[in-house]
Amino acid sequence: KQWYQRRVRGIKSDRWDTDGDNYVELREFRFLLLSLRQFMEYWEVFNRLDKDGDNRVGYDEFKKSRKKLEEWVGPIQDMEKEFMNMDKDGGGMIIFDEFCTWAIKKSLDLEMKEDS
């Protein structure tokens, strides 16, 4: 799927391929694993938000998930403004790529919140 390919491209190179040679060396392997873990965590959260399974999150889905989202990222003052900031292409839906960009900025950490 195109969204998957785009996101995987986003987690490689600059985060774990520190010398830019497009190979994973032993000293870079840990960063690759951390990036993959983060990617899978964001995918899990995105799927929880995407109630109808269309691989997009509409405003109603986003708004209904406020309590969970705030557990993961902290207080959200204005849900509509937050949604609009996430929806970079203005399509009225949040796609996974947009969600990942937002989640990284918010330091979303599902594992820590789920364990507590």
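Biologist: Which residues are buried in helix α6 (residues 96–106)?

Modeller: Phe96, Glu98, Phe99, Cys100, Trp102 and Ala103 are. Buried means under 20% relative accessible area, exposed over 50%, and partly exposed in between, using a 1.4 Å probe and protein chains only. The model is predicted, so local features need pLDDT of at least 70, side-chain atom pairs count only at pLDDT 80 or more, and totals for chains, interfaces and linings use all residues. Residues are numbered from 1 along each chain as its sequence is written, and side-chain values use heavy atoms, leaving out hydrogens and water.

Biologist: How many helices and strands are there in the protein?

Modeller: Seven helices and two strands. Both are DSSP runs numbered from the N terminus (helices H or I, at least four residues; strands E, at least two). Along the sequence the pattern reads α-α-β-α-α-α-β-α-α. Of the 116 residues, 37% are buried.

Biologist: What makes α2 and α6 roughly perpendicular or otherwise?

Modeller: Their packing angle is about 115°, and their axes are 10 Å apart. Axes are lines fitted to C-alpha atoms, for helices over the stretch in contact, and angles run from 0 to 180 degrees between N-to-C directions. Under 35 degrees is roughly parallel, over 145 roughly antiparallel, 65 to 115 roughly perpendicular, and the rest oblique. Therefore α2 and α6 count as roughly perpendicular.

Biologist: Is the crossing of α2 and α6 left-handed or right-handed?

Modeller: Right-handed. That label applies if the near helix is turned clockwise from the far one by less than a right angle, and left-handed applies if anticlockwise.

Biologist: Which residues make the nonpolar surface patch of about 470 Å²?

Modeller: Val24, Leu26, Phe29, Leu33 and Leu36. Patch residues have over 30% relative accessible area and no salt bridge; nonpolar side chains (Val, Leu, Ile, Met, Phe, Trp, Tyr) are joined within 5 Å, like charges within 9 Å.

Biologist: How do you know whether Ser65 is buried?

Modeller: Ser65 has a relative accessible area of 6%, so Ser65 is buried. Ser65 lies in the loop between α3 (59–64) and α4 (66–73).

Biologist: What do the side chains of Arg37 and Glu41 meet in?

Modeller: A salt bridge, at 2.9 Å from N to O. The rule asks for a side-chain nitrogen of Lys or Arg within 4 Å of a carboxyl oxygen of Asp or Glu. By this rule the count is seven. Arg37 and Glu41 both lie in helix α2, four residues apart, about one turn. Glu41 is buried at 9%, while Arg37 is partly exposed at 33%.

Biologist: How far apart are the closest N and O atoms of Glu25 and Arg27?

Modeller: They are 2.4 Å apart, and the pair forms a salt bridge. Glu25 has 25% relative accessible area, so Glu25 is partly exposed. Arg27 has 52%, so Arg27 is exposed.

Biologist: Why are Glu71 and Lys68 separated by about one helical turn?

Modeller: Because they are three residues apart in helix α4. Glu71 has a relative accessible area of 36%, so Glu71 is partly exposed. Lys68, at 36%, is partly exposed too.

Technical notes:
Areas by Shrake-Rupley, 256 points an atom, 1.4 Å probe, with all protein chains shown as cover.
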